[in-house]
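Me: I'm new to this one and would like to get my bearings before zooming in. Could you start with the overall make-up and then take a close look at a single strand?

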Amino acid sequence: MTVPTSLSVADVQVSFGGNHVLKGVNLTCEHSFTGLIGPNGAGKTTLFNVISGYVAPSSGSVHIAGRDATAASQTAVAAMGVGRTFQTPKLIGDISVLDNVLIGINGQATLFNQVREALFFSRSAGINRARARDVLAQFSLSDVADVEAASLPLGSQKIVEVCRALVADPTLLFLDEPAAGLGRDDVEHLVTPLRAWVEKHGTSVVIIEHDLELVTNLCEDVAVLHLGTIIARGTPTECMSHPQVIEAYLGVGVAKDT
Amino acid sequence: MVQQIIAGLQSGSTYAMLALAVVLILKATDVPNFATAEMGLVPVFVIWQLLDSGWNYWLAVPVGIVFGVVLGLVIERLLIRPILAESHFASVLMTIGISVVLGSAIQLRWGSDPRRIDAPFSGNFQIGGNYITYDQLMIIGLGVAFMLGLLFFFRTPWGVQMQAVAEDRVTPRLLGVRVGRVFSVSWGLAAAISTVTLLLHTQASVLTDAAAGPLILKAFVAATIGGFGSATGAFLGGLALGVFENLSGFYINTGSRAAVAMIFVVVILMAKPEGLFSQARPREV
Amino acid sequence: MAGSRINISAGLAVRIAFGLASIALAFLLPSLLNPYRLFLATLIVVFATAGVGLVIIMGWTGQIALAHAAFMGIGAYMTNWLFSDVGIPWVFSLVLSGLFAAVVGALIGYPAARLRGFYLAIATLAFAELITRMFVEIDTVTGGISGASIEIIQLFGLDSDQSHWYIAVILAIAVFWGAHRLGTTAFGRCLRMVRDAEIATGSLGINATNYKLFAFAISGFIAALAGGLFGQLLTFATPDTFRTTLLIQFLVVVFIGGVTQLTGAAVGAVFVITSRELLQDVGDWQRFAFGLSLVLAVRFLPGGITSLVGLLKGLRRTDAHEAPTVARAQ
């Protein structure tokens, strides 16, 4: 399924200290699922950080759904309908799974409104809870909704983080290694509902992954990032048979034998 | 005015050296040691006791410093290291508790009467119409010496290890750094600095059990101004605080000192929240 | 899972029971106790109220803010000045001083929000010290070093001790209720995100700095309200009252309860005031005994004394650190 360009990254460069991490990255997302792969240290998470507003690029531009998000702050980018997850889940351990997911909706309200809701009550609290439970149900997490988040295994926590990002109904979703540390079953519990969600809501998803089988099954479009530049672009099969990509993953000399 | 500046440098050096001890422990063990000044005051009382029993000054002082170092090492090993993995709040409360214990122990053992420690060097000399006492010279000189010493120290293998441990407790251990040793050295060193500082300070004024209290706060203020990551910054912050205090006290009135100091701190923190000289790590990524 | 369900219900039941008992006692207490005991009870309530402010800023937002005693001083001095010298009715003076303290809190929070952990603690301590120095300097308002005599208020028909008690109770109920509401709703969840996973706040639309500023302001507000009452109880305020000794007592108040629980502030207040009374008998050794017990308590029960209760019951998480560690894994 093809959706209109939700993300456009043009010639983005980023340096940390003397370290030139991103050297002119160009990327557009036109599909539901775009994979971003590449060896470790290629700069994939840095690219996420740039787009989500955590890091400012030294040059280049980022456009989200047509709007300029290059210099936007994290909260501004979030307000544009962007959600993300992290390599290690950033949940609050001592509250329930449901409360963690709720934060995805709560963050959208202003501080003032939150205080007002706390002191004067509001009807939206119940509605939000229902929404959160609904998302958890889609990912088969209903029976742990009221459990302390810290007591869940890592895999489930990662899925909870995805739910938290989804409950805000983002138009653009970044998943940073969602399958890392997940067993086969967990991956299915993540992928199937995710596909269904995207089908229904039209979200564009960009996935950083090392699990190439997952990428092949899920993504229609893949970009390969290596040492700060995109070295290949296309369908998963195209990318993974690209000699430069093989060289990047396996080292020089192997490519010749392929 | 120069006279005032000299006096300001004197009190400022005291703040500065104590600030060095604060920053040292903070950098190495990630603990804000509220007991820094008390840890230095106890050995000074021990020194006084020795002097009172007839010991020679130049014998009593080294013994006192050793006592201070041992005290610091014991505190670190028994009370601090076991709780390093706990919450930050626990560390804060622990060092606060230690300062109360040490302060009240001094009071119980020696009472609240002021005493004197007479240094074998007294008198003063003139430079271009302004007087400097040997005490002042001693404090200012030693302060600078300590700071340079610490700067040099951070460049040695020991110092580098210490900074590595401050950033991250796990990786240095994997690389073979004896983290426990680093902790001990830093606390011992800070205790020594603190002892010398309190000795010079009480020598120049009076020795009482309450001497430590006001100092620790000034040390914290100095560390705040200078930016916590930087020993130099804390040192210069202390000097600046002392000079500022004295000048405003002299030129405006004694009442203005606190207000001036406050405005000073607030302005600096608003302009540069990481402090003036810090290597700017306002928040970790 | 069933275990955690029981956990939540037990906590809730304890809270409801405590609330009911408090309300019942509130009416009856003045007639049951002699004036000195009533004074102690009022002190406990005031300390618990102030403790709530610390729970919000330290327990929920994760900022080690040590200017609490100074804010109480602002409340005590300013309430008295507005009431006694300017002539504003006492309750309005109290609230106004609270608002002033909130502004000061936000001002302190502004640079402090950019500092992490201990640097923040030390900076707030520095600010606190400077505030108390100001108390000495603006002697037209505060009476300087020698202090200010607090004008005592009386509610209609009641003597001052009883008035203090009822005002304290009403204030405590309002503060505890407000804090409870804030803590269990969206606002509280966002505060905890700032505490445990600040790195992820921006991507969720949460402006961490704003929340920190607000938390600083609220804790200052609450501390000042408690401080105004505290001044009434003291009948005389000197700058020295609001320095480290008082601060340490508050830190112990919230430490007892594990700093994240509102009920902990109440339990801690009872503990601190009663042990203060008990230690009076020890005379000169009082300070030493207090310090030593604090050191031993932190050494062997770093999660606070109520963690001991949890350990015994086996219901609560034994390692108080386990919960946030997962979220902190970076």
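How many helices and how many strands does the secondary structure of chain C come to? After that, please walk me through strand β8 of chain A: which strands does β8(A) pair with?

Reply: Chain C comes to 15 helices and two strands; here helices (H or I, at least four residues) and strands (E, at least two) are DSSP runs, numbered from the N terminus. Before going on, note that this is a predicted model: local features need pLDDT of at least 70, side-chain atom pairs count only at pLDDT 80 or more, and totals for chains, interfaces and linings use all residues. Residues are numbered from 1 along each chain as its sequence is written, while chains are lettered from A and ligands numbered from 1 in the order in which they are written.

Chain A has 11 helices and 10 strands. Its C-alpha trace spans about 65 × 40 × 35 Å along the principal axes. A compact globule of 258 residues would have a radius of gyration near 18 Å, and chain A agrees with that at 19 Å (taken over C-alpha atoms, with the globule rule being 2.2 Å times the number of residues to the power 0.38). Of those 258 residues, 47% count as buried. Buried means that 20 or more other C-beta atoms lie within 10 Å of a residue's own; 12 or fewer makes it exposed, anything in between partly exposed, with C-beta atoms placed from the backbone. As for contacts in chain A between residues at least 6 apart in sequence, 68% join residues at least 24 apart (contact means C-beta atoms, placed from the backbone, within 7 Å).

Let's zoom in. Strand β8 of chain A covers residues 204-208, and five of its five residues are buried, so β8(A) is largely enclosed by the rest of the structure.

Who sits alongside? Strand β3 (residues 33-37) of chain A pairs with β8(A) in the parallel sense over four bridges (two strands pair if DSSP finds at least two bridges between them). Here A:Phe33 stands opposite A:Val205. Strand β7 (residues 172-176) of chain A also runs parallel to β8(A), joined by five bridges, and in that pairing A:Leu175 has A:Ile207 as its bridge partner.

Between β7(A) and β8(A), follow the chain through helix α7 (residues 184-201) of chain A: the three make a right-handed β-α-β unit. Right-handed means that, with the strands pointing away from you, the path from the first strand over the helix to the second runs clockwise.

Step back and β8(A) is part of an open sheet of six strands in chain A, ordered β6-β7-β8-β3-β9-β10, with mixed pairing. At the edges are β6 (82-84) and β10 of chain A, each pairing on one side only. From one strand to the next, the twist averages 20° (axes are lines fitted to C-alpha atoms, for helices over the stretch in contact, and angles run from 0 to 180 degrees between N-to-C directions). On past β3(A), four bridges join β3(A) to β9(A), again running parallel, with A:Leu36 partnered by A:Ala223 in β9(A).

A:Asp169, in the loop between α6 (154-166) and β7 of chain A, has a positive phi, near 55°, though it isn't glycine. With 17 C-beta neighbours inside 10 Å, A:Asp169 counts as partly exposed. A:Leu227, in the loop between β9 (221-226) and β10 (229-234) of chain A, is another non-glycine residue with positive phi, near 50°; 15 C-beta neighbours inside 10 Å make A:Leu227 partly exposed as well.

37 residues of chain A are in contact with 33 residues of chain C. Giving two or more residues to chain A's side of that meeting are α2 (74-79), β6, α3 (97-106) and α4 (111-120) of chain A. The largest share, six residues, comes from α4(A).

Methods
Contact = placed C-beta atoms within 7 Å.
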